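Hi,

Here is the structure I promised to pass on to you. Have a look at it first, and then read my notes below.

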Amino acid sequence: MRIPSLEEVLRSGNLVDEAGLSKALAIQKEKGISLKDALVGAGILSDVEILKALGRQWDIEYMHMLGELEVDPAILDQLPVAFLRRYNMVPLKWQGETLIVAVNDPLEQEALFDIGRVLAAKDIRRVLAGRQEIHSAINRLNDLKNESAQDIVNDMEEEGEDDILLDLENIQDITVMETDAPIIKLVNRLMVQAFRERASDIHIEPFQSEVKIRFRVDGILHDVLGLPKRIQSAVVSRVKVMANLNIAEKRLPQDGRIGIKLGEHSVDLRVSTVPTVNGERVVMRILDKSSVLLGLEELGFYPDDLEIVAKLLKQEHGIVLVTGPTGSGKTTTLYSMLSRINSPDKNILTIEDPIEYQLKGIGQIPVNTKVGVTFASGLRSIVRQDPDVILVGEIRDLETAEIAIQAALTGHLVFSTLHTNDSATAITRLIDMGIEPFLVTSSVNAILAQRLVREICTDCRQAYYPETESLMELGLTKEMLRTDGFLYRGAGCQECLNTGYKGRSGIYEILVMSDTIKSTILKTSDSNIIKKQAIQEGLHTLREDGARKVEDGITTIEEVLRVTQQ
């Protein structure tokens, strides 16, 4: 049977107009690439559209989502991960003696026959899938095959000291663990496991008789495993080698970073070591550089608050402050705000410590105290760079605050953070720093306080009737609930690591500088009086915003109380 050309399929199915096809054919001829790549590269067809067209051409089923893998993960002993990634194919399941294989390019026949030969398949059936989907499936297969960090530790108990300390060199993609050195396998596995379990930090904590490994997941620390004391120095040395730190220096704190690949994800680990009485303590902050920046709508803002934020972002000048403790999501909120207003006609500059994510089209300057680049000096330089919008990572001192206010008063929109518990306290903090109240009222547009609450796991969510006392702590009664008196909580399952929570959402309090609040600030810097005035004008407090999310089944009473304790 004759297989039609891709060009014929596209024409007969009216999948692309003649102008688009002519453009793609010209690119194909000029660059010497396939028509498929020319169509996708020029933006004429999307990946999904071209895969559907290839499916018609070759009479192959297109699978949008690759479900659970049913093949034995042990096949990776015969088919290396690197081979599957190189040819963009992955075995999915057996149907009798027929092997179902997901492929991205139907023309890639030789590698497909190799898979069939190695796995002794009598017949092979292809399905088409996107490159990203195939790589994710390969990672899942690799994850099922790989032993856990605990398994590696158990194996070490049977090995001698000399075997454990072998071979501490660096490797590129740590999900492809083909090295036999146990310490390298252990550290790699910890990093992979932490990433898969959505951890934000890895803690390596030495004690008198053991070394504890803990992961911070959704803001809460969890014990993961205990390591024997004898391998403590080897594990710390391996991390320090990867972070380009001085292995010999064990008396001083050190900071570094590790850039690794976890499958298709590029991940940055910020490494901090400090000496303790029981040896060096290591904390690694995990930053997924390839993660998609969340839009404001996805951060947990209700429509009324989102409307206020949208108005603030349209201002031409003034300061917008985001407050909250460390780890409350302030940077993510600020980045989402900047992304919303980022356009070719705006010059946006930032000074940060450190730069957590790189934003396209925005100039980002890292703080470097060793060469004298502080928030204050960096901000002073930024003002001379003709910016429209400025982000200052944090206002820590009077000098930075004064320059930020000066910038706001001279026609710049300034975003920054402060470490205060609520919105009104930020005003008191600025005045305590030495800023005159009239400067605060004339420069600050709004203050947004926020916290992160864990969301109830949707896989094990169940309804229950809450105690009256618990509701009263949130300012609610059973009669006020919109859900016939019941709320939700998580029972705990494999998906949420038996915590009942999976993912996080923000709760917010937005204090907008009205004329009456400005008058109040000029009379007093008492945060309680300022907040009382703001509440009269319609301010939703953090706890009230949390109560709304409890009613909507997003989080629990306990979570809101935990993050909003006075």
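**Aromatic pairs and what sits around them**

Five aromatic pairs turn up in this protein, where rings of Phe, Tyr and Trp (its six-membered ring) pair if their centres lie within 6.5 Å, and planes under 30 degrees apart count as stacked, over 60 as edge-to-face and the rest as tilted. One of them is Tyr-465 with Phe-486, an edge-to-face pair with 6.2 Å centre to centre and 85° between the planes. This pair links distant parts of the chain, 21 residues apart: Tyr-465 is in the loop between strand 17 (461-464) and helix 18 (468-473), and Phe-486 is in the loop between helix 18 and strand 18 (487-490). Helices (H or I, at least four residues) and strands (E, at least two) are DSSP runs, numbered from the N terminus.

Before going on, a word on the model. It is a predicted one, so local features need pLDDT of at least 70 and side-chain atom pairs count only at pLDDT 80 or more, while totals for chains, interfaces and linings use all residues. Residues are numbered from 1 along each chain as its sequence is written, and side-chain values use heavy atoms, with hydrogens and water left out.

Back to the rings: Tyr-465, Phe-486 and Tyr-488 make up one aromatic cluster. Is Tyr-465 buried or exposed? Tyr-465 counts as exposed because its relative accessibility is 60%; buried means under 20% relative accessible area, exposed over 50%, partly exposed in between (1.4 Å probe, protein chains only).

Arg-461 lies over the face of Tyr-488, 3.8 Å from the ring centre, and Arg-489 has its charged end over the ring of Tyr-464, 3.9 Å from the centre. The rule is that NZ of Lys or CZ of Arg is within 6 Å of the ring centre and within 35 degrees of the ring normal.

**A look at Asp-288**

You'll find Asp-288 in strand 10 (residues 279-288). Asp-288 counts as buried because its relative accessibility is 13%. Leaving out residues up to four places away in sequence, Asp-288 touches Phe-195, His-265, Ser-266, Val-267 and Tyr-357, a contact being heavy atoms within 4.5 Å. From Asp-288 to Ile-260, 28 residues apart along the chain, the C-alpha atoms are separated by 9.9 Å.

**The whole protein**

Zooming out, the protein has 22 helices and 19 strands, and its C-alpha trace spans about 85 × 70 × 60 Å along the principal axes. Of its 566 residues, 49% are buried. Among contacts between residues at least 6 apart in sequence, 64% join residues at least 24 apart.

Cheers
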